[in-house]
Amino acid sequence: MANASESIERLTPGPRMSQGVVHGGLLYTAGQVDKESADVGEQTKNVLAKIDALLARAQSSKSQVLSANVWLSDMATFDEMNRVWEHWIDPHNPPARATVESRLATPEYKVEIAIIAVAGEAQ
Amino acid sequence: MANASESIERLTPGPRMSQGVVHGGLLYTAGQVDKESADVGEQTKNVLAKIDALLARAQSSKSQVLSANVWLSDMATFDEMNRVWEHWIDPHNPPARATVESRLATPEYKVEIAIIAVAGEAQ
Amino acid sequence: MANASESIERLTPGPRMSQGVVHGGLLYTAGQVDKESADVGEQTKNVLAKIDALLARAQSSKSQVLSANVWLSDMATFDEMNRVWEHWIDPHNPPARATVESRLATPEYKVEIAIIAVAGEAQ
């Protein structure tokens, strides 16, 4: 067995998943979703705020995101999502990204985003 | 060229893909699928057994999984998959996870799971 | 804050994303797509040529790809994509891979591929 579990830090662990996991200088987030709003732009804002919070807990920030997966429940909302995304990212440090259409866990979810970022020690 | 190919270990390499790749202390698995059963819960069990086997070959275990991608061919099976998933994971070490709906390589496949985990040397 | 942003190199950064990001000896690419051709096999060739170019810029090569995500807009094209894929990969070093169906950013896109690979310093 790799004897490394002590160096894996789990953020907001629950019975199904952790919202983030920090190991080896990287943060891996769970897919973040929101249903405060029915609007995909608002959901994107709220999802990115959750990602900001996870990044902060991992002593990271949006300028240190390496890659992102974006899932939209309806690709017709691509532009609405992008407007919020492009406002959010650090323009000097854009991550790699792949955006595809997939139905999400509940029809209320319009967008889901997971990222990998450079991290410090989790707090 | 990065002269690092000697440190990349490939598990069950085939003409299309390896079932797992170990490098830099991490195991990356291929998407694992199963068609022994038509039932999504049974398929999830079988898929996770395949992941356990890959983890073991990488001197790792389910307590060292960092992140997981779960694809369901029908999101209506979300709860059935989750029952098996929640029983499988180490409750003290839940991975980050994103679950979305996507049609899979054949209609027989109901669930596909790929993970990234901390690994030792592959065997 | 993890003080590591100077060690993150971004390939072809744009207002929305970078086409690749190099950090910690790994290259993470954005989802690569093509619309030069309407044919999924041709698109796969062109997408893999873009990945070859990103790998070269990261002092890497297709023999050092760790994992790949392939999205097809129509799983009926699985065999056509695979013919090109299997010709492309280094048969001695096949990556882990997951292939699922998802609608892509525009209907013209039939295939999208993102990879993680071992990298040297980006150029």
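1. A definition to start with: copies of a chain are superposed here by least squares on the C-alpha atoms of residues with pLDDT of at least 70 in both. Please keep in mind that this is a predicted model. With that in hand, chain B can be laid on chain C by a turn of 120° and a shift of 0.0 Å along the axis, with an RMSD of 0.0 Å. The two copies are thus related as by a three-fold rotation axis.

2. Now for the other neighbour of chain B. Chain B superposes on chain A through a rotation of 120°, with 0.0 Å of shift along its axis and an RMSD of 0.0 Å. Which residue of chain B has the C-alpha nearest the axis? That is B:Ser102, 3.4 Å from it.

3. Let us look at where chain B meets chain C. On the chain B side 29 residues are in contact with 28 residues of chain C. Strands β1 (9-13), β2 (18-23), β3 (26-29), β4 (65-72) and β6 (111-118) of chain B each give two or more residues to this side. The largest share, five residues, comes from β2(B). By class, the chain B side that touches chain C holds 14 nonpolar, 11 polar and four charged residues.

4. The contact between chain B and chain A takes 28 residues from chain B and 29 residues from chain A. Here the elements of chain B that supply two or more residues are β4, α2 (78-88), β5 (96-101) and β6. It is β5(B) that brings the largest share, six residues. The chain B residues on this side divide into 13 nonpolar, 12 polar and three charged.

5. Why can one say that the copies meet through different surfaces? For chains B and C, only 3% of the interface residues of chain B are also interface residues in chain C, so the copies meet through different surfaces. For chains B and A the figure is only 4%, so there too the copies meet through different surfaces.

6. Strand β6(B) deserves a visit of its own, as it gives residues to the side that touches chain C and to the side that touches chain A. Eight of its eight residues are buried. On one side of β6(B) lie B:Val111, B:Ile113, B:Ile115 and B:Ala117, on the other B:Glu112, B:Ala114, B:Ile116 and B:Val118, and all are buried.

7. What are the pairings of β6(B)? With β3(B) it pairs in the antiparallel sense over three bridges, and B:Leu26 stands opposite B:Val118. Seven bridges join β6(B) to β4(B), and these two strands run antiparallel. Within β6(B), B:Ala117 is the bridge partner of B:Val65.

8. To see a whole sheet, turn to chain C. Six strands form an open sheet there, in the order β1-β2-β3-β6-β4-β5, with mixed pairing. At the edges stand β1 (9-13) and β5 (96-101) of chain C, each with a single partner strand, so one side of each is left without a neighbour in the sheet. On average, neighbouring strands of this sheet are turned by 10° against each other, direction ignored.

Key
Residues numbered from 1 in each chain as written. Chains lettered and ligands numbered in written order. Predicted model: local features only at pLDDT ≥ 70, side-chain atom pairs only at ≥ 80, totals over all residues. Contact = placed C-beta atoms within 7 Å. Helix = DSSP H or I, 4+ residues; strand = E, 2+ residues; numbered from the N terminus. Nonpolar A, V, L, I, M, F, W, Y, C, P; charged D, E, K, R; others polar. Buried ≥ 20, exposed ≤ 12 C-beta atoms within 10 Å, placed from the backbone. Pairing = 2+ DSSP bridges. Axes fitted to C-alpha atoms, helices over the stretch in contact; angles between N-to-C directions.
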